[in-house]
Amino acid sequence: MARGALFDPDVAMIDPAKLAWGLADAAESLGVRIHENTRALSIDRSGNGIRVKTGYGTIDAAKVLLATSASKSLRRKLRHWIVPVWDYVIMTEPLTSAQLADIGWSGREGLADSGNRFHYFRLTADNRILFGGWDAHYFYGSDTDPRRTQHPEEFALLAEHLLQMFPSLEGIRATHAWGGSIDTCSRFSAFWDLGMNGRVASVAGFTGLGVGASHFGARTALDLLDGKDTERTRLKMVRTKPLPFPPEPLKSIGINITRAAFARADRNEGRRGLWLKGMDALGLGFDS
Ligand SMILES: Cc1cc2nc3c(=O)[nH]c(=O)nc-3n(C[C@H](O)[C@H](O)[C@H](O)COP(=O)(O)OP(=O)(O)OC[C@H]3O[C@@H](n4cnc5c(N)ncnc54)[C@H](O)[C@@H]3O)c2cc1C
């Protein structure tokens, strides 16, 4: 139940699918060829360049930019810096005009609550509510199996929370529910790497906030690939990496202790316990 709210007029909302389609159109109009559903299987040095093997053939490139998010990085050493954490979303059937009027969401603002575990919710163009967030799940061994996109218990919990937020919607149906993996790193913001003789740049670690930030991430990675010294490449966050994650089972244990500590802080009016204070001191997590 919300007791108050803050409105930030400087926040813009975008439709990430339209953004991706628009970027693809812009790139193609400049002569870029896009090959969807073509998995890169490996990258290796080849002469003065880089050879990328795919299921359909081999590509020789002078330079490569890897932006593969929570998927296993083709650069093995970077796998210690990213864990895939799963986030889930439900979407209701379209609200009737009466339901819409009842909940009073007339400004169609993007909404979020502000705990360590937070929900985000939006009205779609056809007046459905997209409601997601709260629990973030890590599965042992950095599992990114597609079956993880479905999590009935999490969907039921989100439905319960949706009704706590909007009790008058009792009886509304969820028509869609899905999850996706988030490229989480220990400082919860992007990091960069330049390797293989300066020919392969990587950027990842956006930790669920990458729709806008990945544009900055890509520009910075291109600067690195071009060997440019720019305001971006001089930033401390670009020059330094977060702490890597330990191997299993320590990785799962650490992540699950952190999840429990976030939940405890939320129950305790945001007061951070020893574990979270220790993380803050070490530069780990959202407050790093
Ligand atoms: C449920 C959910 C809700 C989210 N909500 C928000 C939000 O409200 N705001 C926000 O800013 N962010 C949000 N995010 C995070 C946001 O989606 C990411 O931060 C952003 O998409 C990262 O962009 P990217 O280009 O780095 O990676 P992606 O958009 O994930 O693109 C990576 C691409 O690399 C491809 N790929 C991976 N491995 C290979 C390979 N070996 N060969 C070829 N291709 C490969 C993948 O198929 C994918 O297409 C959310 C994420 C989830 C899962």
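**A ligand between two domains**

Domain 1 (16-82 + 186-239) and domain 2 (87-180) both contribute residues to the shell around the ligand, so the ligand lies between them; the domain bounds come from an automatic or database domain assignment. This is a predicted model, in which local features need pLDDT of at least 70 and side-chain atom pairs count only at pLDDT 80 or more, while totals for chains, interfaces and linings use all residues. Residues are numbered from 1 along each chain as its sequence is written.

**The chain as a whole**

- The chain has seven helices and 12 strands, where helices (H or I, at least four residues) and strands (E, at least two) are DSSP runs numbered from the N terminus.
- Its radius of gyration is 21 Å, close to the 19 Å that the globule rule gives for 288 residues, so the chain is as compact as a globular protein of that length. The radius is taken over C-alpha atoms, and the rule is 2.2 Å times the number of residues to the power 0.38.
- The C-alpha trace spans about 65 × 50 × 40 Å along its principal axes.
- Of the 288 residues, 21% count as buried (20 or more other C-beta atoms within 10 Å of the residue's own, with C-beta atoms placed from the backbone).

**The shell around the ligand**

- The ligand is surrounded by 20 residues, and the closest are S69, S71, G180, G210 and V211. A residue counts as near if its C-beta atom, placed from the backbone, lies within 6 Å.
- At least two shell residues each come from β5 (83-92), β10 (174-184) and α4 (210-225).
- Helix α4 gives the largest share, four residues.
- By type, the shell holds nine nonpolar, nine polar and two charged residues. Ala, Val, Leu, Ile, Met, Phe, Trp, Tyr, Cys and Pro count as nonpolar, Asp, Glu, Lys and Arg as charged, and the others, Gly among them, as polar.

**The three-stranded sheet**

- Three strands form an open sheet in the order β1-β2-β3, with antiparallel pairing; two strands pair if DSSP finds at least two bridges between them.
- The edge strands, β1 (40-46) and β3 (57-61), each pair on one side only.
- Six bridges join β1 to β2 (residues 49-54), and R45 stands opposite I50 in β2.

- Strands β11 (residues 191-195) and β12 (residues 200-204) run antiparallel and are joined by five bridges.
- F191 has A204 in β12 as its bridge partner.
- Four residues lie between the two strands of this hairpin, and M196 in the turn has a positive phi of about 50°.

How values were computed
Buried ≥ 20, exposed ≤ 12 C-beta atoms within 10 Å, placed from the backbone.
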